[in-house]
Amino acid sequence: MRLFIAINFDDDVKKHIIKQRETVKKFSRSGNFTNDDNIHLTIRFIGEADEEDIEYICEAMREACSNFRSFKINIGGLGFFPRGDKSIVWTGVEKSKAIEALYMRLERSLGKQGFGRNRQGLSPHITLGREVVLRKSYDSVKEEVGEDKVEFNVESVVLMESVRKGPKLIYRPIYVQKLK
């Protein structure tokens with residue numbers, strides 16, 4: 001099982017992110033763009049795990065989120081990770097002490113349950129597309145997308161499984177942990 005802990009969004013936030021993705025798509029030659037149902041914010045990538053690990057991960061989530069209050073984040077703005085002539089294009093999440101604190105609590109709790117530390121650290125972003133080749137410069141696409149931000153109230157985190165069905169990735173929720 002390929003697992004990660006994420007924040008899922010309501011329909012209004014998804015519409016905002018989909019609009020950004022569609023603008024990027026319009027100015028791209030090619031790319032593998034995120035399906036509407038797969039839009040999320042990864043807080044902690046776990047990777048390959050066995051089914052018996054799920055209870056330990058859920059326990060870590062319960063511990064990390066105990067007494068952790070819901071919080072607001074702002075989503076918007078375009079970024080990219082260049083990979084040769086192709087890029088991963090994403091929309092950003094404004095720096096948030098609450099996300100940082102939640103991530104650190106998850107790291108500690110997962111460590112107590114025997115999971116190794118995340119070597120890459122936290123880099124909050126929402127992937128719009130992978131292997132994207134733009135028809136215009138990144139700066140002009142960024143201008144087309146704009147800097148509009150949308151606020152979202154984070155009320156839970158979700159343990160997700162990534163399942164491949166043919167060429168399609170499906171993200172399936174396994175466990176939801178509510179915040180206070």
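Q: How close do the axes of helix 1 and helix 4 come, and at what angle do they cross?

A: Happy to take you through it. This is a predicted model, in which local features need pLDDT of at least 70 and side-chain atom pairs count only at pLDDT 80 or more, while totals for chains, interfaces and linings use all residues. Residues are numbered from 1 along each chain as its sequence is written, and side-chain values use heavy atoms, with hydrogens and water left out.

The axes of helix 1 and helix 4 come within 9 Å and cross at roughly 145° (axes are lines fitted to C-alpha atoms, for helices over the stretch in contact, and angles run from 0 to 180 degrees between N-to-C directions). Helices here (H or I, at least four residues) and strands (E, at least two) are DSSP runs, numbered from the N terminus. The crossing of helix 1 and helix 4 is right-handed (a crossing is right-handed if the near helix is turned clockwise from the far one by less than a right angle, and left-handed if anticlockwise). Helix 1 brings Gln-20, Thr-23 and Val-24 to the meeting, and helix 4 brings Val-141, Glu-144 and Val-145; contact means heavy atoms within 4.5 Å. By class, three residues in the contact of helix 1 with helix 4 are nonpolar, two are polar and one is charged (Ala, Val, Leu, Ile, Met, Phe, Trp, Tyr, Cys and Pro count as nonpolar, Asp, Glu, Lys and Arg as charged, and the others, Gly among them, as polar).

Five strands form an open sheet in the order 2-6-5-4-7, with antiparallel pairing (two strands pair if DSSP finds at least two bridges between them). Strand 2 (28-33) and strand 7 stand at the edges with a single partner strand each, so one side of each has no neighbour in the sheet. From one strand to the next, the twist averages 35°. Helix 1 (residues 11-26) packs on this sheet, where it touches strand 2, strand 4, strand 5 (86-93), strand 6 (125-134) and strand 7, and its direction makes about 20° with that of strand 4. Helix 4 (residues 138-145) also packs on the sheet, touching strand 4 and strand 6, with a direction at about 155° to that of strand 4.

Strand 7 deserves a moment of its own. Strand 4 (residues 71-83) pairs with strand 7 in the antiparallel sense over six bridges. Gly-76 has Lys-149 as its bridge partner in strand 7, and Lys-72 stands opposite Asn-153. In a regular strand the side chains alternate between the two faces of the sheet. In strand 7 (residues 149-154), Val-150, Phe-152 and Val-154 make up the covered face, and Lys-149, Glu-151 and Asn-153 the uncovered one.

From that uncovered face, take Glu-151. Glu-151 counts as partly exposed because its relative accessibility is 48% (buried means under 20% relative accessible area, exposed over 50%, partly exposed in between, with a 1.4 Å probe and protein chains only). Leaving aside neighbours within four places in sequence, Glu-151 is in contact with Val-13, Lys-72, Ile-73 and Asn-74. Glu-151 and Leu-128 are 23 residues apart in sequence, and their C-alpha atoms are 18 Å apart in space.
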